[in-house]
Amino acid sequence: MLSKKTKYAFHALTYLGKHKDEGSVLIQDIAAEHGISHKFLENILLELKKAGFLGSKKGKGGGYYLIKEPKDIQLSRIIRLLDGPIALLPCVSLNYYEACEECKDQEKCGLNQVMIQVRDETLNILENKTLSDILDKE
């Protein structure tokens, strides 16, 4: 499951995508629209900014804005940034691999082989879906 942090990030990115032609957006506007704690949202937006998805302006007319086009923001990148691995088991993760302690032979582990298929199908979808796909449905 996606964490609340990641769901809120998608809500914020969607809001920013809908308002991208209007300039910077205030945190309180996003927070009020989606019922998110201002402080929690501020931390999420800072992470997205550090990762190169958002820009910000201080002062009058300040706030956050997208610095990438929605079509260039892969859902998989947001999930990995905020939730970590997409794979359901550490032994099948491409970016966060760890051997499972209880597994005697990973090559013969049926669970491992099935979870590799699940990972591959999930990644195929998430790496080919972008913020634009979310915006197109709203």
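Predicted model: local features only at pLDDT ≥ 70, side-chain atom pairs only at ≥ 80, totals over all residues.
I started with the cavities: the largest cavity comes out at about 50 Å³. My search of the whole structure turned up one cavity of 30 Å³ or more.

Next I looked up what lines the largest cavity. The lining includes Arg 80, Pro 85, Ile 86 and Ala 87. Ser 93, Leu 94, Asn 95 and Tyr 96 are also among the lining residues, along with Arg 119 and Leu 123.

Asn 95 sits in the loop between helix H4 (75–83) and H5. Buried or exposed, or something in between? Asn 95 has a relative accessible area of 48%, so I put it down as partly exposed; the exposed label needs over 50%.

I found a nonpolar patch of about 250 Å², made by Leu 88, Val 114 and Val 118. Val 114 belongs to helix H5, which covers residues 110–126. Its relative accessibility is 42%, so Val 114 counts as partly exposed too.

Last entry: Thr 6, in helix H1 (residues 4–18). Why did I file Thr 6 as buried? Because its relative accessible area is 0%, and buried means under 20%. Which residues does Thr 6 touch, leaving out those up to four places away in sequence? I noted Ile 79, Leu 82 and Asp 83.

How values were computed: Residues numbered from 1 in each chain as written. Heavy atoms only, no water. Patch = residues over 30% accessible without salt bridge, like charges linked within 9 Å, V, L, I, M, F, W, Y side chains within 5 Å. Areas by Shrake-Rupley, 256 points an atom, 1.4 Å probe, with all protein chains shown as cover. Salt bridge = Lys/Arg side-chain N within 4 Å of Asp/Glu carboxyl O. Helix = DSSP H or I, 4+ residues; strand = E, 2+ residues; numbered from the N terminus. Buried < 20%, exposed > 50% of the residue type's maximum accessible area, 1.4 Å probe, protein only. Contact = heavy atoms within 4.5 Å. 1 Å grid on protein atoms, 1.4 Å probe; cavity = no way out; pocket = protein on both sides within 12 Å on 5 of 7 lines; lining within 4 Å. Points joined across faces, edges and corners; volume = space filled by probe spheres on them.
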